[in-house]
Each structure stands twice: as structure tokens, then as C-alpha cells.
Amino acid sequence: MAIPSDEHERTMAFAEIALGQIRALRQPASPRHFEIWYTYATGYNPSLNQMINETLARNGTLRETDVDHIYETYISSSRFTERIDRVGSQVMDEIEQVMAMIGAAAGTASSYTQNLANVSQTLGVEADDSTVRSIVESLVTATKEMEQNNQALEARLSASRKSTSCRSTSRPSAPKA
């Protein structure tokens with residue numbers, strides 16, 4: 001497949017700019033340095049260009065640690081793997097929290113069911129007015145506790161949902177050197 005001549009000229013111009021920057025800053029002409037300066041020359045990654053411009057304005061040059069940081073932050077393919085690992089870990093944490101909430105709710109529901117079974121059993125035998133009153137009071141108390149537990153669970157699940165949606169919609173800003 002033939003490469004259009006204008007593409008050749010355009011990419012050669014970017015390469016010359018990259019080499020010019022390497023010469024001007026007396027940096028090694030390594031693939032890593034060339035890739036950073038080639039990307040800078042294209043202007044396709046404004047965040048990388050901004051980071052380089054700020055670093056040059058501050059230090060007058062790019063130190064090897066600056067080059068490593070810029071490469072790892074804006075070019076290296078491993079940056080995606082790290083981000084995926086971080087998001088996966090956050091998702092696992094959220095799942096564990098939700099499972100704990102569900103477990104707590106199941107325990108509360110089981111306790112409530114046991115209270116109802118005890119009441120049924122007590123009502124099965126002859127009960128006087130004071131026993132019935134006591135049973136009704138215990139049912140009201142157990143029902144209020146169940147309602148409070150459900151409201152607390154609902155609030156925690158809602159907070160978890162908001163936290164997750166905030167993290168998924170926000171994009172991390174470029175780190176400062």
C-alpha cells in the first residue's frame with residue numbers, strides 16, 4: 001500500500017521538529033525521547049504538551065526523571081493497565097460493601113421472621129389481654145426496628161450508588177510534576 005506523499009512530508013516535518021527539540025535540549029536520541037518529542041510536535045496530546053511546557057518553563061530543561069514521568073503518564077501502554085486495575089479494585093470494594101449490607105439486611109429479616117414465628121406460637125395457646133398487649137407491643141417494636149434497618153440500608157446503598165457514579169463520571173486530571 002502506497003503512502004501518500006503529503007503524509008510522508010507531514011510526518012517528516014514532525015520528526016524534524018522532534019529531533020530539533022532533542023538537539024536543542026541536548027537529550028539522547030532514544031526511542032523514548034523521540035516518541036515524547038514526536039507526540040509533542042503533532043499536538044495530538046495537549047496534556048502532554050502542557051506538561052512539557054510547564055516543566056521547561058520551570059526548569060529550563062527536561063531531566064531524565066521528567067522524561068520518565070511524562071512517558072509513563074501520557075504515552076506508556078501500561079498506564080491503561082494500571083487504571084483498569086485501580087477501577088477493578090474499586091468495583092470489588094463496592095461489591096464487598098454491598099454484599100455486607102445485604103448480609104446485614106438478611107440477618108435483620110431473619111430475626112424479624114423469628115419474632116413473628118414466636119408471636120404466632122404464643123398466640124396459638126390461650127392468652128390473656130396482658131399477654132396479647134405485650135405481644136402487640138413487641139411486634140410494633142420489631143416492626144419499627146425493621147423499618148429503621150431498611151431505611152439505613154437504603155441510605156447506604158444510595159450513598160454507594162452516588163459514590164460509584166461520581167467516580168465513573170469524573171476523569172482524573174493530569175498529575176503535576
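This section describes the fold, core, salt bridges and surface of the protein. The structure is a predicted model, in which local features need pLDDT of at least 70, side-chain atom pairs count only at pLDDT 80 or more, and totals for chains, interfaces and linings use all residues. Residues are numbered from 1 along each chain as its sequence is written, and side-chain values use heavy atoms, with hydrogens and water left out.

The protein contains six helices and zero strands. Helices (H or I, at least four residues) and strands (E, at least two) are DSSP runs, numbered from the N terminus. The pattern along the sequence is α-α-α-α-α-α. Of the 177 residues, 20% are buried. Buried denotes under 20% relative accessible area, exposed over 50%, and partly exposed in between (1.4 Å probe, protein chains only). Contacts are heavy atoms within 4.5 Å. Among contacts with a separation of 6 or more, 54% join residues 24 or more positions apart.

The largest nonpolar core holds 15 residues. Such a core is a set of buried Ala, Val, Leu, Ile, Met, Phe, Trp, Tyr and Cys residues joined through side-chain atoms within 4.5 Å. Ile36, Trp37, Leu48, Ile52 and Ile70 have the most contacts inside this core. Helix 1 (5–24), helix 2 (31–42), helix 3 (46–59) and helix 4 each supply at least two of its residues. Helix 4 gives the most, with four. Beyond its neighbours within four places in sequence, Leu48 contacts Ile36, Thr39, Tyr40, Ile70, Tyr74 and Ile75. In soluble globular proteins, nonpolar side chains tend to be buried together.

Helix 4 spans residues 64–74. Its buried residues are Asp66, Val67, Ile70, Tyr71 and Tyr74. These residues lie on the same side of helix 4, because they cover an arc of only 130° around the axis. The arc is that of the directions from the helix axis to the C-beta atoms. Glu64, also in helix 4, is partly exposed at 42% relative accessible area. Its C-alpha is 9.5 Å from that of His33, 31 residues away in sequence.

Four salt bridges are found in the whole structure. A salt bridge requires a side-chain nitrogen of Lys or Arg within 4 Å of a carboxyl oxygen of Asp or Glu. Asp68 pairs with Arg32, with the closest N and O atoms 3.0 Å apart. Asp68 lies in helix 4 and Arg32 in helix 2, so this pair ties together parts 36 residues apart in sequence. Both are partly exposed, Asp68 at 32% and Arg32 at 27%. Arg32 also bridges to Glu72, at 3.5 Å between the closest N and O atoms. This second pair again joins helix 2 to helix 4, across 40 residues in sequence. Arg63 forms a salt bridge with Asp66, also with a closest N and O distance of 3.5 Å. Arg63 is partly exposed at 44%, whereas Asp66 is buried at 6%. Shared partners join Arg32, Asp68 and Glu72 into one network.

The accessible surface is about 12,400 Å², with 56% belonging to carbon and sulfur atoms. Areas come from the Shrake-Rupley method with a 1.4 Å probe; for residues, only the protein chains shown count as cover. Val87, Val91, Met92, Ile95, Met99 and Ile102 make a nonpolar surface patch of about 530 Å². Patches comprise residues with over 30% relative accessible area and no salt bridge, with like charges joined within 9 Å and nonpolar side chains (Val, Leu, Ile, Met, Phe, Trp, Tyr) within 5 Å. Ile102 belongs to helix 5 (residues 78–124) and is partly exposed at 45%.
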